Amino acid sequence: MDEPVVELSEHAFSLFEGSEEDREALLALHRGYLDANSMGLNVDALRKVWSEHPHCVWFNSTGYNYKGIEDWARLWNYFGPRVEITGPWRSSDVRLIGNGDYAVITCERMAAGRWKSDDDEPHWTGDDWPSRSTEVFRRENGEWICVHVHISTRGTGPRPEERG
């Protein structure tokens with residue numbers, strides 16, 4: 001499998017007041033999340049990116065909220081054997097917002113994959129999986145870690161106001 005691709009917006013850091021080291025650490029965590037997805041929903045890799053704090057809440061494109069990493073791990077353990085990632089995760093228009101204490105990364109994402117189970121296929125599967133995410137980070141024990149993510153499906157094609 002090819003490495004995930006991270007394409008920064010031309011304005012990627014215009015709203016970020018942290019250091020260059022903070023930028024690098026946060027983008028590494030973003031890439032780590034894409035890597036965990038690309039490795040067949042690897043929960044061990046995800047644990048290196050996401051906080052172990054039990055009160056974190058994650059909003060998934062399934063439409064459900066997941067509370068704490070163990071709740072999210074159950075989701076990935078369910079989907080892991082049922083999906084096959086056939087192309088690398090790509091994030092584009094990546095923007096970093098925040099300072100040296102809190103940070104947010106926003107991006108559009110795309111992956112290629114297929115549903116390989118007899119279970120009901122989720123709405124987000126198909127050849128390409130367009131989505132977007134907002135990832136929230138804070139420092140825990142001096143290190144950046146993701147404490148919230150909100151993932152939703154992303155429209156493709158013309159926006160409603162552009163359809164004339």
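The expected span of a helix is 1.5 Å times one less than its number of residues. In this predicted model, helix α1 covers residues 20–38 and has 19 residues. Strand β5, residues 83–98, pairs with strand β1, with strand β2 and with strand β6.

**Helix α1**
- From its first C-alpha to its last, α1 reaches 27 Å, close to the 27 Å expected at 1.5 Å a residue.
- The buried residues of α1 include L26, L27, L29, H30, Y33, L34 and A36.
- D22, G32, N37 and S38 are also among the buried residues of the helix.
- An α-helix has 3.6 residues a turn, so residues three or four places apart point the same way.
- Just after α1, G40 takes a positive phi of about 75°.

**Parallel partners of β5**
- Strand β1, residues 5–8, runs parallel to β5, and the pairing has 3 bridges.
- V5 stands opposite R90 of β5.
- Strand β2, residues 15–16, also pairs with β5 in the parallel sense, here over 2 bridges.
- The bridge partner of L15 in β5 is I97.

**Antiparallel partner of β5**
- Strand β6, residues 102–115, pairs with β5 in the antiparallel sense over 11 bridges.
- L96 stands opposite I105 in β6.
- A hairpin of 3 residues joins β5 to β6.

Technical notes: Residues numbered from 1 in each chain as written. Predicted model: local features only at pLDDT ≥ 70, side-chain atom pairs only at ≥ 80, totals over all residues. Heavy atoms only, no water. Helix = DSSP H or I, 4+ residues; strand = E, 2+ residues; numbered from the N terminus. Buried < 20%, exposed > 50% of the residue type's maximum accessible area, 1.4 Å probe, protein only. Pairing = 2+ DSSP bridges.
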